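Here's a quick briefing to read with the model open in your viewer.

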Amino acid sequence: MSVKHCCSIVLAALVVAPSALALVAQKKSDDRRSWTITAERVYTAEGEAIANGEVVVEGGKIRAVGKGGGGDLKVFAVTPGLVELSMRIDQGFYSVEQSNEVTPQIRALASVDIFDEAWTRAVRGGVTTAMVNVPDRNVVGGLSVVLKTAGDPQPAARVVKADAVLYGAIGSAPSSMNHPAQPRPEDFYSRRPTTRMGVEWEWRKSLFEAAAARVDPKRAKHGDAELQRALDGQLPLMIQAWASQDIRTAVFLVEEARREGWGNPTLIVDAAAEAWREPQLLVRSKASVVLPPFSALGRTRDQAFFALDTASKLDALGVPFALSGHNADALEGRLCYQPGYAMRGGLSFASALAAVTLTPARLVGVDKRVGSIKAGKDADLVLWNGEPFQPSSKVVGVLVDGRLIVDPRPAANAPSTSNK
Amino acid sequence: MLTLLVFAGTALSAVGAPSSAPAPALVTNDATFAVSAKRVLVDGKTVVEDGVVIVERGKVREVLDAKQKAKADGLPRVEHDGWVSAGMIAARSHLGTRGDFDEPKRPVTPEARILDSVDFDHPEFAAALRAGVTTVVVAPSASSLIGGQSVALKTHGRVILDADAHLVIAPAASALRINREPTSFPGAMAMLNAQFEKPQGAVAHAAAGKLPVLIEVSQRDEIARALEFAMTHKLRGALSHAPLAGELAAQVKKSGLAVVLGPFAVGVTPRVFDSVRALAAESVPLAFGLDFGSPPEQLRLSVVMCVRGGLAPELAWNTLTSHPAAILGLQERVGTLRAGCDADLVLWSGPPLELTSRVQGVFVGGVQAWGGQE
């Protein structure tokens with residue numbers, strides 16, 4: 001039998017796959033995970049800054065920090081990679097399960113779109129670790145996940161901590177789609193809550209029922225386990241509350257749980273724009289705070305006014321707080337600019353640095369891996385061309401797990417810097 | 001009674017002038033007969049010049065080259081002045097269902113069988129035949145989380161190859177509705193995981209690896225999620241749609257899943273072709289499918305566009321034939337003209353991956369199913 005290779009099936013010549021080859025080449029250079037970075041200032045977030053220091057990175061981890069010079073990468077300053085606790089990269093309604101208002105068992109990880117352009121934007125702005133929460137359309141939204149912002153294209157491979165906090169919301173957002181069932185239910189938005197009062201009631205009911213289910217197994221239902229862990233303080237309870245009345249509600253919720261003997265929840269108030277109004281409540285309830293991005297004229301959501309000196313007030317009272325940039329869709333909203341605003345409001349540099357690095361890492365229990373420059377931690381670093389957080393300085397380099405995601409060397413970014 | 005008209009090759013003077021092609025006459029599958037052609041495409045890699053396909057009781061007995069041709073002497077013969085290939089396979093379609101392919105009120109219906117919706121006399125099957133498509137998978141739609149079981153069948157003769165070819169699952173936005181649980185990806189994954197952690201019925205078959213899954217996804221985040229889900233539950237089968245799966249080619253390879261691509265419309269971005277080539281470079285089994293309402297001709301068109309985008313022609317032909325056959329576990333029956341396979345033959349005016357080539361006749365199981373008039 002005469003057998004021929006059938007190159008004649010089509011006239012078109014076989015084209016060698018150029019982009020596939022390019023991908024392979026790119027992969028090889030990306031694999032380098034050992035660098036020595038020299039800087040005039042090394043801000044470790046673990047104490048005094050080191051002048052004329054170097055950070056030695058080996059195999060994706062920080063091996064050593066100290067005095068030195070003559071590294072591969074020379075920049076003005078190095079800080080730890082920034083940690084964002086309120087990364088609002090989600091797929092809208094596809095990220096929040098609307099068939100119920102209380103969904104503690106839902107995992108934010110299952111809706112992460114690792115290919116969203118916003119991740120690139122975040123990492124270019126120096127964010128190397130981010131927590132993704134369930135959007136605020138449910139009362140109890142579900143479990144948040146802490147991820148690296150660059151690396152493997154499989155979300156699971158980027159996870160720093162799964163089920164890091166139980167996230168929910170108080171305010172106008174969780175009830176905003178709901179309407180009364182009159183004359184009869186039309187869809188599953190024909191339900192309560194339709195008001196702030198209803199949202200508060202759903203929270204109290206959820207926590208009460210989860211506590212009650214511990215003693216009466218007949219009351220057990222889906223999601224109890226997560227709420228019970230939150231009541232026990234094993235899983236921080238993170239509640240979005242912009243306005244002061246909503247922050248107060250969040251505080252009263254955990255205080256009720258403690259008073260009634262349901263447990264001892266750890267409270268983190270997210271987007272607490274009006275934390276400055278009644279900060280003593282936060283001190284009293286040992287709550288921590290994640291502040292929203294600073295905005296023009298202090299206007300935020302739920303008619304909450306976000307004062308520029310909020311961070312410095314909380315700092316003076318010893319309330320642990322983190323700054324956040326949300327999804328950084330506006331350049332000035334990026335997390336790397338937030339410490340600058342907070343410092344303008346009176347915050348010290350050291351506290352401002354901590355509020356975007358070590359404090360957020362501690363709040364969600366990932367500080368063994370990230371949040372400061374320390375031997376043994378992940379090599380997540382931000383390289384600056386000037387003093388960090390000053391208006392004239394910018395992020396020129398970013399390392400995530402030792403991989404150089406943004407290259408500070410002039411040759412590497414010449415075309416892009418010329419535009420900025 | 002067997003009637004065989006033998007028509008002379010000389011009568012077909014001009015290749016690609018279909019109006020001059022006379023209709024081959026009816027052949028029953030009791031017959032042993034020969035089909036001779038200028039070129040016989042046994043599979044993507046093997047072309048026999050001046051060859052003869054011997055058909056016996058509906059199966060391919062053997063393919064003879066020019067030197068062995070004498071062995072066919074005395075057999076009734078169809079002489080074709082063109083190419084002969086195996087029938088093409090659409091690895092996913094909704095032919096003959098009239099859109100009756102999901103249960104909108106319920107997200108999980110694993111026991112639903114699309115076979116119950118198939119109208120074998122629907123003109124879409126005849127259209128598929130005319131396009132050279134002899135085997136199709138008819139699947140439930142992607143608008144349910146677990147839509148039910150697909151069926152593999154011939155487009156002629158009511159031949160069912162596999163009554164439960166796949167369990168169709170859709171961890172994708174297509175299955176999310178605003179008035180039915182789940183409305184979200186996390187809700188969908190929680191529901192799917194619950195189904196596969198305590199599997200029953202068809203889900204249990206899929207979880208045990210006995211029933212392949214067809215996973216409907218489109219965006220890359222859905223692909224990543226689906227791969228993780230498939231690997232967690234050790235599922236076998238294929239991703240469906242997923243035009244950018246090649247941007248996760250290494251992960252797709254690792255999952256062991258095949259990819260059922262297409263249909264691609266004219267104007268598809270070069271990025272999609274990059275993706276297809278990346279999958280091919282990782283040796284991921286590839287096949288093509290049709291959407292509800294897409295003309296069956298679009299199957300070949302999709303693949304031809306991929307060839308223009310750099311896919312190797314040999315591989316391209318296999319994605320229409322032997323790859324989907326292997327994905328379905330039907331490689332002994334369909335997808336090639338190797339001895340023992342069903343005599344599903346397509347008579348072409350020229351090379352099948354040239355768009356100017358036309359289908360001039362189709363045999364299914366040795367029976368002439370379509371005669372050449374368009």
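In this predicted model, the side chains of A:Lys148 and A:Asp401 meet in a salt bridge, 2.6 Å from N to O. A salt bridge here is a side-chain nitrogen of Lys or Arg within 4 Å of a carboxyl oxygen of Asp or Glu. The pair links distant parts of the chain, 253 residues apart: A:Lys148 sits in strand β9 (residues 145-148) of chain A, and A:Asp401 in the loop between β17 (395-400) and β18 (403-406) of chain A.

**Ground rules**

- Residues are numbered from 1 along each chain as its sequence is written, and chains are lettered from A and ligands numbered from 1 in the order in which they are written.
- Because the model is predicted, local features need pLDDT of at least 70 and side-chain atom pairs count only at pLDDT 80 or more, while totals for chains, interfaces and linings use all residues; side-chain values use heavy atoms, with hydrogens and water left out.
- Helices (H or I, at least four residues) and strands (E, at least two) are DSSP runs, numbered from the N terminus.

**Salt bridges**

- A:Lys148 and A:Asp401 are both buried, where buried means under 20% relative accessible area, exposed over 50%, and partly exposed in between (1.4 Å probe, protein chains only).
- A:Glu278 forms a salt bridge with A:Arg248, with the closest N and O atoms 3.1 Å apart.
- That pair also links distant parts of the chain, 30 residues apart, with A:Glu278 in the loop between β13 and α7 of chain A and A:Arg248 in helix α6 of chain A.
- A:Glu278 counts as partly exposed because its relative accessibility is 32%, and A:Arg248 counts as partly exposed at 30%.
- In chain B, B:Asp342 and B:Arg333 form a salt bridge whose closest N and O atoms are 3.0 Å apart.
- B:Asp342 is buried, with a relative accessible area of 4%, whereas B:Arg333 is at 30% and so counts as partly exposed.
- Salt bridges that share partners tie A:Lys61, A:Lys148, A:Arg369, A:Asp378, A:Asp380 and A:Asp401 into one network.
- Over all chains, the rule gives 44 salt bridges.

- How far apart are the end C-alpha atoms of α6(A)? They are 22 Å apart, which agrees with the 22 Å that its 16 residues (244-259) should span at 1.5 Å a residue; the expected span is 1.5 Å times one less than the number of residues.
- Buried residues of α6(A) include A:Ile247, A:Val251, A:Leu253 and A:Val254, along with A:Asp246, A:Glu255 and A:Glu256.
- The buried residues of α6(A) pack against α4 (196-215), α5 (224-232), β12 (237-240), β13 (267-270) and α7 (279-284) of chain A; contact means heavy atoms within 4.5 Å.
- After α6(A) comes A:Gly261, with a positive phi near 75°.
- The 20 residues of α4(A) should span 28 Å, and its end C-alpha atoms are 30 Å apart, which agrees.
- Among the buried residues of α4(A) are A:Val199, A:Trp203, A:Leu207 and A:Ala210.
- Those buried residues of α4(A) pack against β8 (140-143), β11 (166-169), α5, β12 and α6 of chain A.

**The loop around A:Pro293**

- A:Pro293 lies in the loop between β14 (288-291) and α8 (310-317) of chain A, and at 16% relative accessibility it counts as buried.
- A:Pro293 and A:Gly333 are 40 residues apart in sequence, yet their C-alpha atoms are 5.9 Å apart.
- Not counting residues up to four places away in sequence, A:Pro293 touches A:Phe306, A:Ser324, A:Gly325, A:His326, A:Gly333 and A:Gln338.

**Where the chains meet**

- The contact takes 46 residues from chain B and 41 residues from chain A.
- About 3,600 Å² is buried between chain B and chain A, with carbon and sulfur atoms giving 61%; buried area is the accessible area (1.4 Å probe) that two parts lose on being put together, summed over both.
- Across this interface of chain B and chain A, the rule finds zero salt bridges.
- On the side of chain B that touches chain A, at least two residues each come from β1 (32-43), β2 (46-56), α2 (185-197), α4 (220-232), α6 (270-281) and α8 (313-320) of chain B.
- The largest share of that side, six residues, comes from α4(B).
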